[in-house]
Amino acid sequence: MAVSLTQMLAPTANQEAARQAARSLGNLLHQTPTYTAFLGLVEAVNVDPTVQQLAGQMRTHQAALQMGREPDQHAAALARVEAEVEALPVVQEYRQAEAAARRLFQVVDALISQEAGVAFAANAQRSGCGCDG
């Protein structure tokens with residue numbers, strides 16, 4: 001029996017249960033110190049004036065490299081600015097929080113995968129064939 005596109009897109013009890021479980025998981029993640037620290041540092045990096053100024057310099061050098069203008073000079077300048085950004089205390093704190101959040105997500109993925117009986121995160125990504133829309 002063929003299934004119509006409308007039937008495929010219509011919410012089912014299983015889809016609603018999955019949405020509710022995802023909302024619950026999201027709420028639980030928001031309650032963890034690891035995730036809240038990560039979100040706080042994302043915001044801190046995004047509003048830091050030094051980060052913003054250096055990001056502008058990076059975009060300038062990247063654009064010059066894309067245009068093929070003085071590639072050696074712009075590549076060296078870009079590497080220097082990237083190193084400056086990475087040396088900033090707020091960025092170093094962000095990187096630590098990012099790594100901790102990644103470990104948390106890996107634990108959550110392992111638990112979901114164990115319950116589902118399939119590698120969850122690996123199967124939640126697009127395949128490289130371009131056939132999955």
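Helices are taken here as DSSP runs of H or I with at least four residues, numbered from the N terminus. The structure is a predicted model, in which local features need pLDDT of at least 70 and side-chain atom pairs count only at pLDDT 80 or more, whereas totals for chains, interfaces and linings use all residues. Residues are numbered from 1 along each chain as its sequence is written, and side-chain values use heavy atoms, with hydrogens and water left out.

His74 lies in helix H5, which spans residues 71–87, and counts as buried because its relative accessibility is 15%, the cut-off being under 20% relative accessible area with a 1.4 Å probe and protein chains only. Its side chain forms a polar contact of 2.9 Å with the side chain of His61, a polar contact being a pair of N or O atoms within 3.5 Å, of which, within protein, one must be able to donate a hydrogen and the other to accept it, while residues adjacent in sequence count only if both atoms are side-chain atoms. When residues up to four places away in sequence are not counted, His74 touches His61, Ala64, Leu65 and Arg69, contact meaning heavy atoms within 4.5 Å.

Technical notes:
Helices (H or I, at least four residues) and strands (E, at least two) are DSSP runs, numbered from the N terminus. Buried means under 20% relative accessible area, exposed over 50%, partly exposed in between (1.4 Å probe, protein chains only).
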